[in-house]
Amino acid sequence: MSEKVIQKNKMVDFLNELLKAYKVFAPVKRDHIVSFDAIQSSGEMLLNYLNSRIPPKEIFFPRSEKMFEYIRDDLIEVKEVLPSEERKVLFGIRPCDAKAILLLDKVFDSPDYQDPYYLRKRKETIFVGMGCDRPQSTCFCTSLGGAPFSEEGLDLLFTNIGDRFVVKGITEEGETLLEKYEQVFERAKKSDLDDKLNVEKEAVNRIKSKIALEKIEKRLDKMFEDSFWDRIYQKCLGCAVCTYLCPTCHCFDITDETMDTSGERFRAWDSCQFALFTLQASGHNPRMSGKERVRQRIMHKFNYFVKNYGEIACVGCGRCIKNCPVNFDIRQILLELVS
Ligand code: SF4
Ligand code: SF4
């Protein structure tokens, strides 16, 4: 696959060309929060950012979305509301978040169930990655098989080497973009590729958290009734920030908003960290305290998901560590579990 170079002052031209042909989602800063959103002009995109606070999963799995409308008469008439299929470019996604989308695909596009709301948005999306040249102290992607410049799930990968980016075509779609917009790219020189390698090496060296997770699933097999959970859950407030901001969490609740004889059905992000999540109509709650809820979060990511889909449902992005109001650090829990 080929590697090209684009000068940073040509990025505006590249994005403007993309905007003519695709709906482009990119990192933006709105109300002091970095998230991914559709942009109308290249000036809206943030080029210099660490990672978004809100993960890009919301492009395909929004916080809240209408599923259908209905009219209740003698009969119930249902009108489906499916998202339109559009050609999209997701620009500037970090490698950990691209990996997280592959994990969400396993849930929303499984042999048993294909989720049309997710899949119609997910289809026809080109992933343009921006390698992490400054991993944060909370990043631990390398413990989960990732890397700051991993190519998994990406079509193109940009590496920042100062006044320009090295751009690698990873898939056929990525190569097609490089050819289609060849006017903004230059041939990569050996010195560019050497610079790229140095940036990548330096980024990997910046990641200090290393956890050997190969045996975590088996370890957790024996931990369900362990007193470990009695101790670790006490600090957690049950606010659910960790799950809302997690790029791999995918639980949702479904509610109807009824107006007289018509109504709309919505689904919205939900969290296993809330007591209501498992509260049954009888009043019984199988996860009655924070202990069961914290255990569920860890078990689901590092044991149940592995059993169901063959992979750990964490990419080491560090959002849950960075944003937890009481500094509940998933790395410390994992280290205790594997030691
Ligand atoms: S963000 Fe922290 S306090 Fe809130 S539910 Fe998660 S671990 Fe608990
Ligand atoms: S559990 Fe935490 S570190 Fe792992 S993917 Fe979710 S937010 Fe990132």
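In this predicted model, the shell around ligand 2 divides into 8 nonpolar, 3 polar and 2 charged residues (Ala, Val, Leu, Ile, Met, Phe, Trp, Tyr, Cys and Pro count as nonpolar, Asp, Glu, Lys and Arg as charged, and the others, Gly among them, as polar). The shell holds 13 residues, a residue being near the ligand if its C-beta atom, placed from the backbone, lies within 6 Å of it. Cys 246, Cys 314, Cys 317, Arg 319 and Cys 320 are the closest. Residues are numbered from 1 along each chain as its sequence is written, and chains are lettered from A and ligands numbered from 1 in the order in which they are written. Local features need pLDDT of at least 70 and side-chain atom pairs count only at pLDDT 80 or more, while totals for chains, interfaces and linings use all residues.

The chain is divided into domain 1 (3–206) and domain 2 (216–338), with bounds from an automatic or database domain assignment. Their centres, taken over C-alpha atoms, are 26 Å apart. Domain 1 gives 33 residues to the contact and domain 2 gives 27 residues, where two residues are in contact if their C-beta atoms, placed from the backbone, lie within 7 Å. On the side of domain 1 that touches domain 2, 16 residues are nonpolar, 6 polar and 11 charged.

The secondary structure of the chain comes to 11 helices and 12 strands; these are DSSP runs, with helices (H or I) of at least four residues and strands (E) of at least two, numbered from the N terminus. The C-alpha atoms fill a box of roughly 70 × 60 × 40 Å, taken along the principal axes.
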